[in-house]
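Here is a short briefing on one protein model.

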Amino acid sequence: MNGGIGIIEMLKRTNILALVGGGRNPKFPTNQLIIWDDHQGKIISKLRINENIMSVRLRNDKIIVVTRNKFYLFNINTLVTIAIENTFDNPLGIIGISNGDNNKLIVAFPYEAQGSIFIGDISQKCEKLSVFHAHDSRVVCISVNKEGTLIATASDKGTLIRIFTTNDDQKSWEFRRGTKSVEMNCITFDPNNKFIGCSSNVGTIHLFSIASIVKELDEKNKTQKAENDDEPKNSKSLLGKIGGLFNIKNAYLESERSFAKFKIQEENSLIGFGNDNTFVVITMDGKYYKATYDPKRGGECFKLEEKNIFKDV
């Protein structure tokens with residue numbers, strides 16, 4: 001296939017791919033979405049809009065397209081437009097979406113004001129569930145857990161990660177990644193809702209325990225809750241511990257630090273959780289890492305595998 005591809009999105013584990021041209025010599029126009037059948041090796045449909053496409057997601061019978069200023073929802077079979085929403089300036093095409101396996105398809109994206117988030121259910125059309133203020137500055141990362149009950153966000157400052165419920169309660173929690181500003185690349189939930197992971201341009205992967213959040217939201221019986229008393233906990237700074245002794249209330253002191261860390265040499269990466277307390281990291285220059293973490297103690301993660309995708313494949 002001659003020409004550059006800027007976006008590739010797979011429909012679950014099928015042979016259907018969404019492609020958008022990119023690079024110096026785009027294979028396709030950057031405002032055109034190509035639906036490609038990799039089994040047949042051919043284009044099965046095309047969708048052109050009036051703006052450059054920044055990101056694409058495929059879920060069940062839906063296509064989600066994000067441009068710099070709009071969110072589009074299409075039917076994947078007919079390509080009929082289901083909904084269009086205005087967004088805040090979104091040059092990275094930021095969007096979070098659940099997997100839709102529980103009959104709900106929850107989506108979250110930057111809305112019309114800086115730092116605000118739109119949460120909607122797009123199972124049928126696009127039902128607005130809430131709009132709320134998440135950060136004072138630009139939102140650069142959004143992730144939704146697979147059930148669509150929690151979302152995690154980060155701003156362009158890169159020092160804090162915030163988690164919100166998607167229901168009417170709108171509860172929130174805050175984790176501190178660090179004190180220096182960084183460019184956040186990715187936030188992701190693990191499939192069991194026990195941890196979130198984040199990566200940035202400084203080469204350190206942070207894992208945070210969200211077990212206490214899930215426990216707080218859990219409505220199971222007391223016996224089941226008692227079994228979770230040994231749940232993993234995030235660390236707090238020494239100043240935070242001292243502040244607790246003297247009953248000093250301060251958002252910086254009270255915010256939780258990461259549960260586990262994994263250091264790599266490369267900048268700019270994506271993280272994804274696997275099975276058996278593992279995760280993988282893929283960097284922009286083709287490095288692949290697989291690591292494991294202690295689900296009870298945290299600390300430094302242990303590298304299991306490292307390779308260069310471009311050279312070793």
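A disulfide is a pair of cysteine sulfur atoms within 2.5 Å. The model is predicted, and a search of the whole structure finds zero disulfides.

**Cysteines**
- The cysteine sulfur closest to that of Cys141 belongs to Cys186, and at 6.6 Å it is too far for a bond.
- Cys141 counts as buried because its relative accessibility is 5%.
- Cys126 also counts as buried, at 16% relative accessibility.

**Salt bridges**
- Glu9 and Arg59 form a salt bridge through their side chains, with 4.0 Å from N to O. This pair links distant parts of the chain, since Glu9 lies in strand 1 and Arg59 in strand 5, 50 residues apart. Both residues are buried.
- Glu216 and Lys171 form another salt bridge, at 3.8 Å. Glu216 is in helix 1, while Lys171 is in the loop between strand 15 and strand 16, 45 residues apart. Glu216 is partly exposed at 43% relative accessibility, and Lys171 is partly exposed at 35%.
- The side chains of Glu305 and Lys307 meet at 3.9 Å, N to O, in a salt bridge.

- Four strands form an open sheet in the order 21-22-23-25, and their pairing is antiparallel.
- Strands 21 and 25 are at the edges with a single partner strand each, so one side of each has no neighbour in the sheet.
- Strand 23 is joined to strand 25 by six bridges.
- Thr292 stands opposite Phe302 of strand 25.

Definitions and conventions:
Residues are numbered from 1 along each chain as its sequence is written. This is a predicted model: local features need pLDDT of at least 70, side-chain atom pairs count only at pLDDT 80 or more; totals for chains, interfaces and linings use all residues. Side-chain values use heavy atoms; hydrogens and water are left out. Two strands pair if DSSP finds at least two bridges between them. Helices (H or I, at least four residues) and strands (E, at least two) are DSSP runs, numbered from the N terminus. Buried means under 20% relative accessible area, exposed over 50%, partly exposed in between (1.4 Å probe, protein chains only).
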